Amino acid sequence: LMKAKESFFAVMSHEMRTPLTACIGMAEVLRDTTVLDDRQQECVDAVVSNGESMLLLINGILDYSKMESGKLELEFAPFSLRDVVEQAASVLQVKAEEKGLQLVLSVHPEVPSQCVGDARRLKRVLLNLLSNAVKFTHEGMVSICCGVDRDREWFTVDVQDTGIGLSAAALQRLFQPFAQADSSTTRRYGGTGLGLVISQRLARRMHGELSAASSGAGLGC
């Protein structure tokens, strides 16, 4: 049954990713090669941004299936942490601007110019965190800060927001599959409840950790 489920997810994700990637590519060509007015530019940017968000969801579901079957393989190659963070932030820039939010990025000078690991899946984790921060923030800002933990010889990435925050009870179930803060959150904001679960498991597979903190409901994360 597990093998059949994995094959199903693999085939379905491929069938969905191929046309979606083509749509995103054509929208990017249109944006980069055509003179557009402001409204047209906003529409094309929205197509690209939402298409990339959908692609993130599809890839996440496939990764979840692979992790469940123990067949997820990570890449280990040099990459620029700054580039990965900037790319992730740029994907959410349009959505943040549409909501009137300030998206702030900072990288500590001690962060190495090159790291070794799976840049593609690190970007997926960052996109999920930033997407949640923008989704649940209605005013103020979302920030992403890169630093260095000298004691553990890790680099750190902190995503903070001035959004709706989480209660202590919601924090306890935050990383449970298909869990949302409460039923009203699901009705209002949507989502599968898988994004943070996948992100935490990816972080651990990459020998890292993912955690969350909040001052309480209504006080941001």
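C146 counts as buried because its relative accessibility is 5%; buried means under 20% relative accessible area, exposed over 50%, and partly exposed in between, with a 1.4 Å probe and protein chains only. The model is predicted, so local features need pLDDT of at least 70 and side-chain atom pairs pLDDT 80 or more, while totals for chains, interfaces and linings use all residues. Residues are numbered from 1 along each chain as its sequence is written, and side-chain values use heavy atoms, without hydrogens and water.

| Residue | Relative accessibility | Class |
|---|---|---|
| C146 | 5% | buried |
| C23 | 48% | partly exposed |

The structure has zero disulfides, a disulfide being a pair of cysteine sulfur atoms within 2.5 Å. For C146, the nearest cysteine sulfur belongs to C145 and lies 7.6 Å away.

Helices here are DSSP runs (H or I, at least four residues), numbered from the N terminus. Helix α2 has 32 residues and should span 46 Å, which agrees with the 47 Å between its end C-alpha atoms; the expected span is 1.5 Å times one less than the number of residues. At the start of α2, a side-chain oxygen of D37 comes within 3.1 Å of the backbone nitrogen of R39. Just after α2, G70 has a positive phi of about 75 degrees.

The second largest pocket has a volume of about 310 Å³, which is the space filled by probe spheres set on its grid points, joined across faces, edges and corners. A pocket is an open set of points on a 1 Å grid over the protein atoms alone, where a 1.4 Å probe fits, with protein on both sides within 12 Å along at least five of seven lines; lining residues have an atom within 4 Å of a point. Of its 13 lining residues, E52, L55, N59, K123 and L127 are closest to the centre.

Key: Helix = DSSP H or I, 4+ residues; strand = E, 2+ residues; numbered from the N terminus. Polar contact = N/O pair within 3.5 Å; in protein donor to acceptor, adjacent residues only side chain to side chain.
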